[in-house]
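Please keep the structure open beside you while you read this note.

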Amino acid sequence: QMAAAAGAAAGLWSEVNRCGQNGDFARALKSVNKILQINKDDVTALQCKVVCLIQNGNFKEALGVINTHTKVLTSDVIAFEKAYCEYRLNRIESALKTIQSASQQTDKLKELYGQVLYRLERYDDCLAAYRDLIRNSQDEYEEERKTNLSAVVAAQSTWEKVVPEDLGLREATYELCYNSACALIGQGKLNEAMKKLQKAEELCRQSLSEDSDVTEEDIEAELAIIHGQMAYIMQLQGRTEDALQLYNQIIKLKPTDVGLLAVIANNIITINKDQNVFDSKKKVKLTNAEGVEHKLSKKQLQAIEFNKALLAMYTNQADQCRKLSASLQSQSPEHLLPVLIQAAQLCREKQHAKAVGLLQDFADQHPANAAEIKLTMAQLKIAQGSVTKACMILRSIEELQHKPGMVSALVTMYSHEEDIDSAIEVFTQAIQWYQQHQASQIRGPKSPVHLSLIREAANFKLKHGRKKEAISDLEELWKQNPKDVHTLAQLISAYSLVDPEKAKVLSKHLPSSDTMSLKVDVDALENSHGATYVRKKAAKLTGENQQKEQGQGEVKKKKKKKKGKLPKNYDPKVTPDPERWLPMRERSYYRGRKKGKKKDQVGKGTQGSTTTGSELDASRTASSPPTSPRPGSGAAVSAASNVIPPRHQKPAGAPATKKKQQQKKKKGAKGGW
């Protein structure tokens, strides 16, 4: 029986060897299980089973086998396989402990150690590990190690703001070009980074197009991460429309990389801000995909959570916003954004006092971040109209009191409140700070910022009539630069109202008019292009005016006085009527118009009397053609725009019964007006 079992085991091992060479690990696993039925503690069979499970992607089952047979599969025997299973199951800390506990550090363990350090974001240690691997390894994986090394440098530049050193790597692959572009983005060199990404895209197309089995869709899927980084650069450059278009193109490709989709969705949300929130709510689902937390760095995940909280605030989900921001604050108690989001939410709810109190508590607990918090508190006070309280908060930020921007803001706000004394006090404190911190250079020249503050203080005091207070500042400026004529003039002007004698003494330092005269070559100035143009234009205008005047003179000379026309019936023997220029009605001999006879006779006489037949002959009026209106009558009608046309007017002699008949007819009609 033992001989038969040994023979069966030998056949099974041959089957395992053949399947392993063919890559058929599922079939090999069946043979290994049969061997283990014969001998359950066979170390080699257990190792082969773990390898087959790993090759089939069953990392959890493989780790279970290792943990079940710890007596047989010691750390020296199976350390790499155990650490690799833990790494693939995202148990990164456990994988690190397994690697460090191994008695012998093989090359495989060192490779895995570099990957583990990268996932733990221990970039300095990771960089040292890969440098050691590249220096002590010579095999076909050298290009992959260099790619990983460049990825570490890019991560340092992006997340730790470390200026990357030149590794001297030849960027022959698109992966190396891409990592180099990421490092440049971390340094803020966006244009150079874009060129690197364009080169990476070109190299990627070239390398993938050589494989006949690769389709255009496969190439676009591989280029998705490069295009995503291009869109990110566009967004940083302010080209949001171009970035948004490229982001949406990548999403339409439906890439399998959940990390890439999450980053793109997050960036689209940042572009939308408080607009297009419906689209943002759809995109935020991509950031919640399974496995995203293992694909992105801690800072990327944190940024996504911040944006979720802000989106909740923009969509008026106050409870959700408070929940997310509180969770973020518990994870990173020293971080500013969670408390700022909470304060913003309180302001949206009109609870400004509570928001200020929240910020004040945070500033007291975290003095290192107090400056930024107090700036926000001051902004809230200004929004409430409490400018003086805002100034008090700003002046409590000691590390910013001497900054020109802070001085300018405080002076502007105090001026708005008409508190000139406080504004001058701000200038004085800032100037004193520079004097104290430059005591070692008291004999040397003052810094440009210091002198600029003194000048601004002097100008401010002069503007508000504080000439006595401005004199000391002006004297200090003139002392630093005795050739400054402008400062000297201001100083003399200030002294003229305070100490006229001193003003006279200082006026002697003013340069004479001869020394102040500009040394100008008049001939060169007149022959310059601008002067020539002006002179030509002036000459042209003068010539035109002269021609015009001459032409007008000729016209005046040619004009002759014409004799007035006399009326046709003019009789030189008869004296003209002296009242001929007056209107007829105003003349002394005007007697009025003669009244017509027919008009006087109409309607006169006793009732029933008749007129002559020639005047009221019905047959004559009926057959006679209509008479034309008198001149001017038609014009008066057409001039009135509100006059109703004749067909709409009621006939002058129409009886009342006729009017009722017309109204009855109109009831059934469908008017077209």
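This is a predicted model: local features need pLDDT of at least 70, side-chain atom pairs count only at pLDDT 80 or more; totals for chains, interfaces and linings use all residues.

1. Residues are numbered from 1 along each chain as its sequence is written, and side-chain values use heavy atoms, with hydrogens and water left out.

2. The chain has 34 helices and zero strands, where helices (H or I, at least four residues) and strands (E, at least two) are DSSP runs numbered from the N terminus. Of its 673 residues, 32% count as buried; buried means under 20% relative accessible area, exposed means over 50%, and partly exposed lies in between (1.4 Å probe, protein chains only).

3. The accessible surface of the chain comes to about 45,700 Å², and carbon and sulfur atoms hold 52% of that area, as computed by the Shrake-Rupley method with a 1.4 Å probe, where for residues only the protein chains shown count as cover. Among contacts with a separation of 6 or more, 47% are between residues 24 or more positions apart, a contact being heavy atoms within 4.5 Å.

4. A search of the whole structure finds five aromatic pairs. Rings of Phe, Tyr and Trp (its six-membered ring) pair if their centres lie within 6.5 Å, and planes under 30 degrees apart count as stacked, over 60 as edge-to-face and the rest as tilted. One of the pairs, F80 with Y84, is stacked, at 6.0 Å centre to centre and with 20 degrees between the planes.

5. How far apart along helix α5 are F80 and Y84? They are four residues apart in this helix (residues 75-88), and therefore about one helical turn separates them. F80 is partly exposed at 22% relative accessible area, and Y84 is partly exposed at 24%.

6. F427 and F460 form a tilted pair, with 5.8 Å centre to centre and 50 degrees between the planes. This pair links distant parts of the chain, since F427 lies in helix α23 (residues 420-437) and F460 in helix α24 (residues 448-463), 33 residues apart. F427 is buried, with a relative accessible area of 6%, and F460 is buried at 9%.

7. Ring pairs also link F59, F80 and Y84 into a cluster.
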